[in-house]
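Welcome! Take a moment to look over the model below, and then we can walk through it together.

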Amino acid sequence: MESDILNDENVHLEKDLKFMKIRKLNRKIGDNLKLLYGYRCQICGQVIGEEFGSYIAEAHHIDYFVKSLNNDVTHQMIVCPNHHSIIHDKDSVFDRRRAMYIYDNGEEQKLVLDYHLRGQALQTGGLEVQ
Ligand SMILES: [Zn+2]
Ligand SMILES: [Zn+2]
């Protein structure tokens, strides 16, 4: 009985550790992407906060991470906080072929910046910007 509980906890611990590792790697890829795009939103091209000496960009998982668990660089993109909120609020669909976001009111926004999604010219190894 006691050892059962212990085993159970070990399994949980292992899962947690694995998840933490993925999260850490994920942050690194996101940070590298931010550098690649110079903190510009791929949808509107803006750097938010620049005039205040602040650079606010967010890494978004195109296929939501919780669903896909896919951490590949081609599953992330850099967006400003506004577009990030809108994408999540409206559950917008990303059309990879046309490199655009499609909103449910019919609005479409083509990416103004795309160095790593379309054609996938850059692989993960190419993003080791320090
Ligand atoms: Zn934006
Ligand atoms: Zn997101």
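Strand 4, which covers residues 100–102, pairs with strand 5 in the antiparallel sense, over 3 bridges. One place to look is Ile102, whose bridge partner in strand 5 is Glu108. Keep in mind along the way that this is a predicted model.

Next, let's visit the largest nonpolar core. In soluble globular proteins, nonpolar side chains tend to be buried together. Here the core has 16 residues, and those that touch the most other members are Cys41, Ile43, Ala57, Ile78, Val79 and Cys80. Strand 2 (residues 76–79) supplies the largest share of this core, with 3 residues.

Finally, turn to the backbone in two loops. Most residues other than glycine have a negative phi. Asp91 has a positive value, near 50 degrees, and sits in the loop between helix 3 (81–90) and strand 3. Is Asp91 buried or exposed? Asp91 counts as exposed because 9 other C-beta atoms lie within 10 Å, and the cut-off for exposed is 12 or fewer.

Ala99, in the loop between strand 3 and strand 4, also has a positive phi, of about 50 degrees, although it is not a glycine. With 17 other C-beta atoms within 10 Å, Ala99 is partly exposed.

Note on methods: Residues numbered from 1 in each chain as written. Chains lettered and ligands numbered in written order. Predicted model: local features only at pLDDT ≥ 70, side-chain atom pairs only at ≥ 80, totals over all residues. Pairing = 2+ DSSP bridges. Helix = DSSP H or I, 4+ residues; strand = E, 2+ residues; numbered from the N terminus. Core = buried A, V, L, I, M, F, W, Y, C linked by C-beta atoms within 7 Å. Buried ≥ 20, exposed ≤ 12 C-beta atoms within 10 Å, placed from the backbone.
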